[in-house]
Amino acid sequence: LSAGSHRLEVSLEPADALPQDDHFYAVLEHADPKALLVAPDPRADDVSYFAAAIGSLAAPTLSVEERAADAIDTSALTGFSLMVVADTGALSDVQAKRIKEYVAGGGSVLATLGTRVSIEPGALLEGWRISEPQQSVAAVGEIATTHPVLRDAGDWHSVRFFRHRAVQ
């Protein structure tokens, strides 16, 4: 659907014994999808990289709103198609709870560990085990290209990581 309001009618045919529930009407408001980018410092390099990556998507085209982690304490998280958390270690328990509520309500989150994550993963990743950083070269092994973000992933197998952590 294009952006704007759309009227929708659904009806049962043939009619059944209860004609009063054979027709349903709804109005859908379709707006341009937005992504929320949450980071400890909205001016940091990782925020620029994430914003550029999200903005480069051809389908869906997303507008990016950047917020500091402490700004999600009271602001509404509805209306965003997805959320990217640049450093889960920067989140307080209250912020992690808000993000968990967003996910429980149907929202999607991409979260990276970032530099502030220690062995204790914090409230957002409660129950996860995170190893100490490893200083060996690692490469991308498998890519799930069924997700829209990775649909046109290109040659990810040439990407190398020089520092990584095992996460369970």
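Helices (H or I, at least four residues) and strands (E, at least two) are DSSP runs numbered from the N terminus. The model is predicted, so that local features need pLDDT of at least 70 and side-chain atom pairs pLDDT 80 or more, while totals for chains, interfaces and linings use all residues. Residues are numbered from 1 along each chain as its sequence is written, and side-chain values use heavy atoms, with hydrogens and water left out.

Q: In what order do the elements of the protein chain run from the N terminus on?
A: The protein chain has two helices and eight strands. From the N terminus on, their order is β-β-β-α-β-β-α-β-β-β.

Q: What percentage of the contacts in the protein chain with a separation of 6 or more is between residues 24 or more positions apart?
A: Contact means heavy atoms within 4.5 Å. Among contacts in the protein chain with a separation of 6 or more, the share from residues 24 or more positions apart is 60%.

Q: What percentage of the residues of the protein chain count as buried?
A: Relative accessible area (1.4 Å probe, protein chains only) sets the classes: buried is under 20%, exposed over 50%, and partly exposed in between. Of the 168 residues of the protein chain, the buried share is 24%.

Q: Which residues on the other side of α1 from its buried residues are exposed?
A: In α1, V47, F50, A51 and I54 are buried. Because they cover an arc of only 100° around the axis, they lie on the same side of α1; the arc is that of the directions from the helix axis to the C-beta atoms. What covers these buried residues includes β3 (34–39), β4, β5 and β6. On the other side of α1, the exposed residues are D45 and Y49.

Q: Is A96 buried or exposed?
A: A96 belongs to helix α2, residues 93–104. Its relative accessible area is 3%, and therefore A96 is buried.

Q: Which residues is A96 in contact with, leaving aside its neighbours within four places in sequence?
A: For A96 and I72, 24 residues apart in sequence, the C-alpha to C-alpha distance is 9.6 Å. With neighbours within four places in sequence set aside, A96 is in contact with L91, A123 and L124.

Q: Which side chain does a polar contact of 2.7 Å join to that of R67?
A: R67 has its place in strand β4, residues 63–68. Its relative accessible area is 16%, so R67 is buried. A polar contact is a pair of N or O atoms within 3.5 Å; within protein, one must be able to donate a hydrogen and the other to accept it, and residues adjacent in sequence count only if both atoms are side-chain atoms. At 2.7 Å, the side chain of R67 is joined in this way to that of E65.
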